[in-house]
Structure formats: structure tokens, C-alpha cells
Amino acid sequence: MILKILGTSYGDLYSGYKTTLASQLEQVISRLSYVNWLLIILGLCISVIRRNRFSLFCAVASVLTFFLFTRTQDPDRHHSMPIFLWLFPAYAQAIVAIVSMPALRSRWSAVIIAVAAGFAYLGTFLPIGRQLLSPVSYVFAREDTLPLHLDNMSEYRRLIDDLVREMRPDDRFSVFASGSVMNDWLLFAMNKGLDPHIEWICQVDSRDQFRPGALKSKYVVVTDPPVTHLQSGAQLCVTIPDQAIVEGKGIGAAYKRIAAYRLSGDVKGYLYEQMRPVSKAEIDALYSEFREKYPGWATPEW
């Protein structure tokens with residue numbers, strides 16, 4: 001196991017999650033407010049003046065964490081947490097320095113800081129707070145962390161009801177979509193009873209490769225336009241089958257549309273039933289299209 005881990009190129013596996021250094025820096029910077037970054041910079045300056053080695057060591061660790069991690073992939077929100085944690089000593093030092101100033105030792109300074117923190121919370125996590133506090137947006141992060149919201153929730157419930165009604169005990173279904181608007185985990189979260197019927201699909205080309213078992217499912221859910229969450233071209237295992245089924249070409253010739261839905265963001269969703277097995281010729285054609293970008297993808301036995 002250890003030899004396998006050491007011999008695995010995780011940079012290649014997660015290349016679909018990786019963009020440019022400028023984009024990675026922009027993502028991390030957008031997750032804290034301008035006020036917070038100003039306090040961190042102030043704290044680092046104080047650390048240098050006071051020769052606070054612990055705070056400076058933590059800052060170096062934060063920078064190293066960023067550069068080491070981004071060799072593999074872009075840092076998402078949860079990946080950014082240790083980066084920011086290492087910066088907390090500098091941040092805290094700035095706060096302490098400010099409230100320790102003679103002119104700011106009154107209770108009002110603590111009240112002002114508490115109010116700013118409250119604004120930061122409301123603007124980051126609540127849609128109404130972000131809207132109302134837009135004139136002072138510099139106190140909260142530019143990248144929001146709002147609750148998941150789906151328009152047309154009744155359409156999602158109708159899709160799930162249709163799946164439950166149409167499927168027999170041994171039937172399975174696949175979802176050729178991978179984004180916040182539609183994905184297999186979303187349907188599973190809305191109805192745990194779907195679990196025995198889900199044929200999980202490939203999400204990321206470089207990590208998963210295409211899973212041909214999805215083409216043996218009795219039912220498939222597809223979207224128009226294709227729903228993805230990574231950079232263009234990183235999820236061909238989702239977009240190529242999706243488009244083929246929507247257009248009725250190649251593997252799509254084996255399916256019949258039985259229902260349509262209006263999903264969130266004006267995305268069109270469709271439920272298809274497989275009317276006959278996908279042929280070997282159609283599988284060969286599908287993998288020929290995959291191999292235009294991934295020459296190493298071998299056509300499976302069919």
C-alpha cells in the first residue's frame with residue numbers, strides 16, 4: 001500500500017481540479033474580506049517589529065501549505081481552512097494591538113469589533129445579509145458561502161417521484177451531470193431510498209475515468225446544457241455521454257426520452273429510458289471520442 005501511494009502521481013489524478021497560480025491566489029484571497037486581510041498584514045508587520053517568531057513561523061507555514069497543496073489541485077473552501085488557521089496568530093496579534101491602544105480601551109471599541117464581526121458573518125453566510133450589507137461589503141468575504149438553493153424544487157421532487165414510480169426493484173439509474181444544479185448525490189440526499197438503484201458515474205476524467213457500467217442502467221438523467229463543476233474539458237466522462245443522449249446520437253440511440261423538467265438556473269433536465277442495450281459499435285465510437293484527449297483509455301469488454 002505504501003509503495004502504491006509513493007508511486008502514484010496525485011498531480012495527474014487531480015489535474016482536472018487544477019487551474020493557474022493566478023486563479024488559485026484569487027480563490028484564496030476572495031475567501032476573506034479586505035478588512036481581514038488588512039488585519040493579517042498589520043499583524044505580520046507587528047510580528048516583524050516585535051520579532052514574534054511564532055507568528056512569523058506560522059505565516060511561513062501558511063505560505064508553504066498553499067504552494068505545496070496547489071501543486072496538486074486548486075484549494076477549495078475546506079482546503080483553505082488550514083491556510084487561514086496558520087495566519088490566525090498574526091490576525092489575533094493585530095486585534096490585540098488595536099484594542100490595547102489607549103484611545104480604544106473603552107467598551108465601545110469592543111462593541112465596534114463585535115458589530116463588524118457580526119456584519120462579516122451575515123454577509124458571508126446569509127443571502128439577505130449579503131444583500132442588505134452590500135454598501136459595506138469590504139467587511140465580508142467576496143466569495144459567498146450561502147446555503148444551497150435550488151429553484152423549481154417541485155421539479156426535482158417530480159423527477160424523483162418519476163424514478164421511484166418507473167423503476168422495478170432491480171432497475172438502476174445514472175445521472176450524467178456533476179454540478180450544484182444536478183448530480184447523483186443531490187438526488188440521493190433528497191431521497192435516501194434511491195441508494196440501491198444508483199449507478200454512480202465518473203465525476204472527474206483524470207481521477208475516475210469513464211465507468212461503462214452507467215450505460216447498463218435502465219434509466220438515465222441528463223441535462224441541457226451539460227452540468228459540470230470544473231474547468232472546461234475536465235469532465236468529458238460527463239459531457240460526452242450527456243450530449244449523445246440528449247441528441248440521440250451514438251450511445252444516445254439506445255434511449256428514449258420519457259420526461260422533461262425545468263431545473264434550477266433554467267437548466268433543462270430529462271429522464272431517459274434505455275430501450276435496448278448499448279451496442280459494442282456504439283461503445284467503440286464513444287471510447288474513440290474519449291481517446292482524442294485520453295489515448296490511454298482502453299475500450300472495455302462489452
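I am working from a predicted model, in which local features need pLDDT of at least 70 and side-chain atom pairs count only at pLDDT 80 or more, while totals for chains, interfaces and linings use all residues. Residues are numbered from 1 along each chain as its sequence is written, and side-chain values use heavy atoms, with hydrogens and water left out.

**Helix H6.** I looked up helix H6, residues 77-99 (helices are DSSP runs of H or I of at least four residues, numbered from the N terminus), and found a kink of about 45° at Leu87, shortly before the proline Pro89; the bend is the angle between axes fitted to the seven residues ending at a residue and the seven starting there. Leu87 and Pro89 are among the buried residues of H6, where buried means under 20% relative accessible area with a 1.4 Å probe, protein chains only.

**Aromatic pairs.** I counted 14 aromatic pairs, taking rings of Phe, Tyr and Trp (its six-membered ring) with centres within 6.5 Å, and calling planes over 60 degrees apart edge-to-face, under 30 stacked and the rest tilted. Tyr287 and Phe290 are edge-to-face, because their ring centres lie 5.5 Å apart and their planes stand at 85°. Both sit in helix H13 (residues 280-290), three residues apart, and so about one helical turn separates them. Tyr287 is buried at 4% relative accessible area, and Phe290 is buried at 0%. Ring pairs also link these two with Phe210, Tyr294 and Trp297 into a cluster.

**Lysines over rings.** I noted Lys192 over the face of Phe188, at 5.5 Å from the ring centre, and Lys216 over the face of Trp302, at 4.9 Å; the rule asks for NZ of Lys or CZ of Arg within 6 Å of the ring centre and within 35 degrees of the ring normal.

Technical notes. Helix = DSSP H or I, 4+ residues; strand = E, 2+ residues; numbered from the N terminus. Buried < 20%, exposed > 50% of the residue type's maximum accessible area, 1.4 Å probe, protein only.
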